[in-house]
Structure formats: C-alpha cells, structure tokens
Amino acid sequence: MTRRVVSAGLPTFPWDTIAGAKAKAQSHPDGIVDLSVGTPVDPTPRLVTEALTSASDAHGYPQVWGTPALRAAILGHMKQVWGAPSHLDETNVLPVIGTKELVASLPSQLGLGPDSTVVIPACAYPTYRVGTQLAGATVQAVNEPDEVEGAPDLIWINSPANPSGRILDLDEMKAWVELARRTGAVLASDECYGEFVWEGESISVLDERVNDGNVTGLLACLSMSKRSNMAGYRAGFVVGDAELTRELLFIRKHSGLMVSTPVAEAMTVALADRSHVLEQAKRYQLRRDVLKPALEKAGFRIDHSEGSLYLWATHDEDCRSTLDRLASLGILCSPGDFYVEGGSDHVRIGLTATDERIKAAAERLAESH
C-alpha cells in the first residue's frame with residue numbers, strides 16, 4: 001500500500017527561505033529590526049486578559065458554536081461597525097480557531113475537490129492557495145472580477161489586503177458580489193485588517209450597500225488577532241449566509257474545532273470595547289508616519305498601503321535584492337515573491353514593531369543615502 005503524502009504538493013514554508021537574510025540582519029551591531037511578520041508586539045488589553053483569567057475554571061467542554069454571549073457580541077459588532085443587515089441572527093455566526101485555520105480549511109469544509117475551482121487574489125496571503133491545494137481543487141489567481149474564467153465554486157477577496165494594503169471600494173465590492181451570484185460561487189471576504197485604515201474606507205461584504213440586505217452565498221471572515229492584540233489566543237469568527245454557517249458548524253462539530261471557553265469569554269469582552277482598538281490604530285498610524293517617509297527618502301516607492309499593517313514597497317529591483325539591501329541595514333522584510341506567482345519587485349514591510357525599533361529602522365534608512 002502506498003501512503004499518500006499530503007504535504008508533497010505544498011510549497012516551501014515562505015519564511016524558511018529568508019533564513020540567510022535574517023541572519024545578516026541579526027548581525028547588525030544595533031540588532032535586528034524584524035518587520036517581516038505581522039505578529040502584534042503591543043500588549044493584549046487588560047480587560048481581555050482579565051476576562052480570560054476569570055473564565056479559567058473551564059472544566060466542561062466548550063460548544064463549537066460558542067456561547068450565546070459571544071454570538072450576540074459578534075452580531076452586535078457586525079451590525080454596529082460593519083453595517084450588516086439588521087435581520088441577521090445567531091444562526092449567521094460561527095466562531096473559529098483563528099482565521100488562518102478557517103482560510104486553510106474552508107475549501108475542504110465546503111466539500112470542494114479536484115473538480116472545483118477556487119479564485120484567489122493574484123497578490124495574496126499564501127494560505128488561500130494552500131487551502132485550495134489541501135482540498136485538491138484548482139487555483140485561479142486574478143486581479144479583477146472580469147478576469148475570472150468559468151464558474152468558480154469559491155472566491156476569496158481580501159480588503160484591506162495582505163500584503164499590499166489595497167482597499168476595495170464600494171463599486172469593486174459590489175462587482176465581486178455580482179460575479180459570485182451570477183456564477184453561483186461562495187464569496188468569502190477576509191476582513192481581518194478592516195479596522196486599520198489610513199486612507200479611504202474599508203467596506204465589509206456584509207454591508208447592506210454591497211449586498212442590498214441579502215447575504216446569500218456571502219461569508220465575512222474576521223480576526224481578533226490584529227484589532228485586539230490577541231494573536232496568541234487563536235480567535236476569529238465568520239458571519240454570513242446561515243445555510244453556509246450551519247454546514248460549517250455541522251462539520252466542525254464532528255471535527256472538534258471549538259474555541260475554548262476562556263478565549264470565548266475574552267472575545268466577548270473585546271468585541272464590546274472599541275476604545276482599545278482605536279488606541280491600537282493610533283499606535284500603528286504613528287509608526288506608519290515615521291517609517292513611510294523614511295522609506296521614500298531612501299528611494300522606495302510605496303504602492304497601495306491604504307490599510308492593513310504593512311507598507312508595500314519597491315526599490316525597482318528584484319525583491320530578493322531588496323531583501324538583502326534592507327538586511328544589510330539590520331532590517332528584515334518579506335519578499336514579494338511570498339505573495340505572487342513568479343518574481344516580484346516589491347517587499348512587504350510591517351508596522352508590527354515597537355516604537356523604538358521603528359525609529360531605529362528609520363534612522364538606518366536615513367544613514368543609507
């Protein structure tokens with residue numbers, strides 16, 4: 001019997017390919033400024049840690065569907081912040097164990113396979129492609145709705161986008177919804193960075209202006225990791241078409257994919273508080289105000305980057321050359337070829353470093369020209 005190796009068709013884990021650049025950056029006399037990953041560095045809000053601690057006597061199994069209080073908090077958040085239709089109820093809601101888990105498993109959980117097609121952004125977070133490969137489906141990477149061929153089964157969109165920070169406007173969001181409805185595809189909108197917008201407006205696929213109050217075939221996927229500095233909690237949620245959330249709930253019950261009781265309580269408290277999110281957004285805005293002009297003065301061009309926690313930068317050269325250029329200054333970034341098929345002349349530079357490290361990066365860039 002021949003054992004099928006599931007990992008055989010998957011790409012090399014991207015960050016494993018920049019070990020040399022990381023070592024070079026770490027050798028800088030003043031230490032590395034690691035801007036390569038999007039992991040938060042600021043503290044988890046006290047109200048969240050206190051809620052987690054208060055629920056730590058979690059001797060019973062949690063529910064895959066989460067607690068009634070968590071479902072109510074998610075609904076309130078989507079209606080009050082993101083303009084979701086008022087008629088949505090708890091059947092439209094499902095907590096998940098961090099949004100990366102959902103992205104990687106959604107094609108499989110929707111029953112897609114070798115005869116299925118998944119549309120992903122041409123410049124995108126790698127896990128959309130990985131999730132498609134795990135399901136054995138075909139990937140179709142596009143920039144615009146009119147580039148989609150045939151009738152896909154699942155469409156992923158991401159706004160504000162990782163890595164580029166590009167924000168889809170109202171007309172673009174509506175065009176994706178219209179395509180999904182015309183072809184019968186499920187439209188999954190990754191909105192993890194939606195509360196960090198520097199230019200323009202971030203719009204949810206559940207916004208009534210986008211869907212006219214009809215969420216059939218639509219799923220909005222959101223995360224607590226960025227907005228509340230809860231990346232270590234593995235906490236996210238999906239909201240949308242009740243038929244789809246019901247199907248996912250059924251599958252996830254059998255799979256044991258459940259948010260823990262303490263994390264569910266922490267999510268509930270965090271979603272009820274906006275002040276800590278606005279405070280975090282201000283931190284990132286100040287870091288962006290330091291780093292963006294420093295890069296531009298050093299000869300970089302910043303494209304898109306209207307939202308999210310990244311600057312999509314180019315020095316008009318191969319991204320691996322830029323990776324080495326910055327590593328020689330002790331700055332580590334992510335090369336653009338992590339996110340596109342083939343080569344790239346862009347790098348992703350994160351704002352997820354302390355004020356001191358962002359300032360150090362800006363000073364090194366200033367000294368380099």
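Analyst: The chain carries 34 positive and 48 negative side chains, and the centres of the two sets lie 5 Å apart. Lys and Arg count as positive and Asp and Glu as negative, while His and the chain ends are not counted; each charge is placed at NZ of Lys, CZ of Arg, CG of Asp or CD of Glu. The model is predicted, so local features need pLDDT of at least 70 and side-chain atom pairs count only at pLDDT 80 or more, whereas totals for chains, interfaces and linings use all residues. Residues are numbered from 1 along each chain as its sequence is written, and side-chain values use heavy atoms, with hydrogens and water left out.

As to overall form, the radius of gyration (taken over C-alpha atoms) is 21 Å, which agrees with the value near 21 Å for a compact globule of 369 residues; the globule rule is 2.2 Å times the number of residues to the power 0.38. The C-alpha trace spans about 55 × 50 × 50 Å along its principal axes. There are 12 helices and 13 strands, which are DSSP runs numbered from the N terminus (helices: H or I, at least four residues; strands: E, at least two). Of the 369 residues, 56% are buried, that is, under 20% relative accessible area, with exposed meaning over 50% and partly exposed in between (1.4 Å probe, protein chains only).

Turning to the rings, the structure holds 7 aromatic pairs. Rings of Phe, Tyr and Trp (its six-membered ring) pair if their centres lie within 6.5 Å; planes under 30 degrees apart count as stacked, over 60 as edge-to-face and the rest as tilted. Tyr125 and Tyr128 form an edge-to-face pair, because their ring centres are 5.6 Å apart and their planes stand at 80 degrees. Tyr128 also pairs with Trp156, in a tilted arrangement with 5.2 Å from centre to centre and 35 degrees between the planes. This second pair links distant parts of the chain: Tyr128 belongs to helix H5 (residues 127–135) and Trp156 to strand E5 (residues 154–158), 28 residues apart. Tyr128 and Trp156 are both buried, and the relative accessible area of Tyr128 is 0%.

Most peptide bonds are trans, and most residues other than glycine have a negative phi. The bond from Ser159 to Pro160 is cis, with omega near -10 degrees, and the bond from Asn162 to Pro163 is likewise cis, with omega near 20 degrees.

Positive phi values occur in other loops. Asn229, not a glycine, has a phi of about 50 degrees; this residue lies between strand E7 (218–223) and strand E8 (236–240) and is buried at 7% relative accessible area. His304, also a residue other than glycine, has phi near 50 degrees and is found between strand E9 (301–303) and E10. With 40% relative accessibility, His304 counts as partly exposed.

Strand E10 (residues 310–314) includes Thr314, which is buried at 1% relative accessibility. Leaving aside neighbours within four places in sequence, Thr314 is in contact (heavy atoms within 4.5 Å) with Gly299, Phe300, Arg301, Asp303, Asp345 and His346.
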